[in-house]
Amino acid sequence: MPRDIQSYTECTVPGSAKSHKNFDGLMGIIVSSVLHNKGNFITAFVLLLTTSFIFLGCYGFLPFYVTLMALLPGVKDWYFYTRLLCVNEKLDNCVIGMITHEPTVSFDGDRKMNILPAPFSRKECVEKLAAHLEANKELLADNSNFSQPIFFNGSAPATPFSVSGFPNPLDEFFLDTADNKQFILDELVAYMRRLRSEDPEDEDVSSEMYNQFLIGYMDRLLSADNLDAGGQPKNFYEKYLRKDASVIPVGSALWNAIPDDFDPAVNWKATNGSISPLKTTNLYEGDSTPRNLNTMFRFENSMLTPYMHCEIDGDVVADLVDFAMIALTVFAATVTLLCIFLGPLAALLGALGLALLFWLLYKILFEEVGVGQAGEQDVDYEDDTNLPPNISQQKGDTVVIYGRWIMDTEHNQYFEIHPVKAYYVVATNPNTSAIEFLDTHDQVDNNGLQVMNNTLVNKSLADEICKMVSSGEKDPIPEVIPRTTTQVLSYGLNTFYGGGGIV
Amino acid sequence: MNNFLASLRALFISAPLAILMSILRLIFFLLLLIPGLLAKLVEWLKWFLKTKNLKEDEKEKECNPPFPEDVMRRPDPSIYSQHYLASQGIAVTWNNPDIWFAKANTPHIIENDSHHLQENTDYIVFVQVHNASTDAAIGVRVRLLYRPWSFNSPDLLPVDVDTNGNEVVKFVNVTPMGAIITKFNWRTPNLVSGEDSKHLCLQVHLSHPMDINTANNVGQENTRVYNSASNFVHAGELLNFTILINNIYNQPMHFRFGADTYSIKEEKIELKLKRNVGTERWSPSRKIMNAIPTIQRVRSKGGDMENRLVFGQSKQRQVIRARYIGYEDYKDKLKKERFPLPEGYVFTAPVNLELNKKEMRDVPFTLQVSPDALDGQELTVNIQATTMSGYLMGGVTIFLKIKN
């Protein structure tokens, strides 16, 4: 039945979507200064503030107040309405996959979850990673590929092959003992962290060689000759992991609005071939510096799997910005008035005291459990019979997620499902919270019974499921349906309320 | 130039609007402050009187809080389930309307019933899976098992196995309030030397991790596998048969037996959608403070985004759930109806049979066919075993065809 979960963000069209590095006007000047010249910005700010108080006396804070009040609504607008790029707003977007990380509620109130799209299993992801590592051993050990300042200083990070006890080649990995497997996995995780490295000023940025490596790795997973047990290609969810020309026309506004994430001129699966010289500008970096390719998927280092990020909206940022504007108004009014009558020191102390009191009142009056957060709501139903118990998400669950497909202009531009509008749990992991290296055959051997999992999904099943989900979410359901007594007996002569939606 | 114009726009349009809005919000905040604080004080007092504790008990913060219900989907895969219906006081049959057969070499010819199956023959078993929810049921697991003819023998075996000897299960997707048919392959067992026929019970097990009602997930179908013996009875004949019963409890139990002639009569029923509206629970203080206005971006009728002054930062959310109802009268009618054996038919069973804990026993029964039974007459007899408190242990359905 049609139901539209309340969402706070809207996605926007190519040309309108922007990251915080694309701000124009006064905000753009400030952000640009902060990002590129923090020291000079702080100096300029202090100078301006001092000059303002010298020449304007007690009214010295007012220009800053007006400036901030000019900027804050823009921040709110940007955060909720132009930060996300619509990739396919009008058509149904559905992805089947395995939850790779327990969901978290972030500072902005969004509920975040990560899924490994079908039909890939964790086992295959690690196998392909190991294969890609072996194929690119020399490339990854070549210091000349690691001259990216901040991340590397001309020195390749130690590869796992240089670690004592690490098998070379990795072919025997899955035949090894459990202890050795864990050792190998731990080394792979540690290596991927070293390869990613980090920029202390921006935790979202990863090293170029890491991106190059992952692009080649993803090419292995999505290769047309990577077939399932039924001989079907596994790349039916390519569009969520890589810019797909069969879905987004090349050269279209949308194509151009998404950073380049692949170079078809490179044979990525070749020995030491996981590198491309291609550099293009990234619209969301705020400058026209050519940059290396940027992956549209994310990679969970701890699990050694790629994933697609999904979010349910929260509106904490809106509350914060609104509150900040009131608090600023109170502060500005107080500091100005008290300064006129009592002098600057008393004004500052009084204004700070009042701001503290205001913050306290806000906490008392506005902070209830779940306000602004995409969490479970206390809901009173007209009929509280036949209601299901609360359920939590679990790592390892196989799920169908339905929602809007977007590209986040922040965090180095990734595809996401945001907001999630419907969530269907299809199977739970038989090994509780651990995601073991299980595929269908192993699960049958270990558990004696098949469970639904990523590897059982092929394109036709994915299409069938998504069509059913989309219809269930959008089509109106009839007020009256004809049935027979046989059918209602099969229901058990009892029905329960299904999942909810918003009026 | 663009930056300059944008800066001017921000300073001379956005800033005054934002300042005005903040002043308005501040005024409302101050006006609502006293009532809001009073309401909060009352809430605290109520909580204190309830818990008798000045400090809230320390609770470990949930690392994985419940998932928002308005996003979670709850299917209800179902099949004709004898135990579930019987627990509601409804008469049942083991001629399951959701399970039927066809020979594998003639898959389009459906067997009239499951009581004339041939031994050592490949059959296709059709299983119909329903979904009694307004949410789609994705990935419902269907198992098909069989066991010796009994009330509840514990020996369950898969009907279909793969080349590795593992049970074959099926996964199906069912639309909201829909149904789907899946198939299993079954080679009927050989009869042992001297055996005319063998009774077997097929059992379907449905499972789904989000199933909103797991009680309607197991359905049974009685079958009878023949060599070439006739299955007719004649008027006045005394039928003797034994049925295995298993005491599943860890203590001695008493059982009783009954027989009826219930069979499903197909009638039309209209189901109506019933909505259940849930309103987000807000404390009085929250309702008061929510009156503070804000500017929200909303989509106009023309589709454009526009700024609008709204009173109420958030809306008290309403969540709708739905289900179909309309079977209640039929259910009440069925509960009151009785289906006794026709005159002249006599069913004899042990009275108050006692079994030791975990004991299995073949129980003898007789059924006297009426001496006045007419040639060609057909009769369905359901025999149930229940505990003394009325819990259904199991049952069988016998088909009789009179040939004088």
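Mentor: Strands of a sheet pair through backbone hydrogen bonds, either parallel or antiparallel. In this predicted model, strand β13 (residues 253-260) of chain B and β19(B) are paired in the antiparallel sense, and three bridges connect them. To place one residue of that pairing, look at B:Met253, which stands opposite B:Leu355 in β19(B).

Trainee: What is the order of the five strands in the open sheet of chain B, and what is their pairing?

Mentor: The order is β11-β22-β21-β13-β19 (chain B), and the pairing in this open sheet of five strands is mixed. At its edges stand β11 (232-233) and β19 (353-355) of chain B, and each has a single partner strand, so one side of each is left without a neighbour in the sheet.

Trainee: Which strands make up the open sheet of three strands in chain B?

Mentor: That sheet has the order β12-β20-β18 (chain B), and its pairing is antiparallel. Its edge strands are β12 (238-246) and β18 (346-348) of chain B, each of which pairs on one side only, and from one strand to the next the twist averages 20 degrees. Within this sheet, β18(B) pairs with strand β20 (residues 360-368) of chain B in the antiparallel sense over three bridges, and the bridge partner of B:Thr348 in β20(B) is B:Thr366.

Trainee: Which strand of chain B is joined to strand β9 of chain A?

Mentor: Strand β9 (residues 379-381) of chain A is joined by three bridges to strand β14 (residues 268-280) of chain B, and the two run antiparallel. Here A:Tyr381 stands opposite B:Gly278 in β14(B).

Trainee: How many residues of chain A and chain B are in contact with each other, and what area is buried between the chains?

Mentor: From chain A, 106 residues are in contact with 109 residues of chain B. The area buried between chain A and chain B is about 10300 Å², and carbon and sulfur atoms give 59% of it. On the side of chain A, the residues that lose the most area to chain B are A:Leu365, A:Leu493 and A:Tyr497, which together account for 7% of what that side buries.

Trainee: How many salt bridges and polar contacts lie between chain A and chain B?

Mentor: Across the interface of chain A and chain B, the rule finds five salt bridges, one of which links A:Asp383 with B:Arg323, where the closest N and O atoms are 4.0 Å apart. The count of residue pairs in polar contact between the two chains, both residues being at pLDDT 80 or more, is 37. By class, the side of chain A that touches chain B has 60 nonpolar, 25 polar and 21 charged residues.

Trainee: How should I read the backbone angles, and where do they deserve a second look?

Mentor: Most residues other than glycine have a negative phi, and most peptide bonds are trans. In chain A, a cis peptide bond joins A:Ala118 and A:Pro119, with omega about 5 degrees, and A:Pro119 is found in the loop between β4 (111-117) and α4 (122-135) of chain A. Also cis is the peptide bond from A:His418 to A:Pro419, whose omega is near 5 degrees, but A:Pro419 has its place in strand β11 (residues 414-427) of chain A.

Trainee: Where is A:Ile150, and what is its phi?

Mentor: A:Ile150 lies in the loop between α5 (137-141) and α6 (178-196) of chain A. Although A:Ile150 is not a glycine, it has a positive phi of about 75 degrees.

Technical notes. Residues are numbered from 1 along each chain as its sequence is written. Chains are lettered from A and ligands numbered from 1 in the order in which they are written. This is a predicted model: local features need pLDDT of at least 70, side-chain atom pairs count only at pLDDT 80 or more; totals for chains, interfaces and linings use all residues. Side-chain values use heavy atoms; hydrogens and water are left out. Contact means heavy atoms within 4.5 Å. Buried area is the accessible area (1.4 Å probe) that two parts lose on being put together, summed over both. A salt bridge is a side-chain nitrogen of Lys or Arg within 4 Å of a carboxyl oxygen of Asp or Glu. A polar contact is a pair of N or O atoms within 3.5 Å; within protein, one must be able to donate a hydrogen and the other to accept it, and residues adjacent in sequence count only if both atoms are side-chain atoms. Ala, Val, Leu, Ile, Met, Phe, Trp, Tyr, Cys and Pro count as nonpolar, Asp, Glu, Lys and Arg as charged, and the others, Gly among them, as polar. Two strands pair if DSSP finds at least two bridges between them. Helices (H or I, at least four residues) and strands (E, at least two) are DSSP runs, numbered from the N terminus. Axes are lines fitted to C-alpha atoms, for helices over the stretch in contact, and angles run from 0 to 180 degrees between N-to-C directions.
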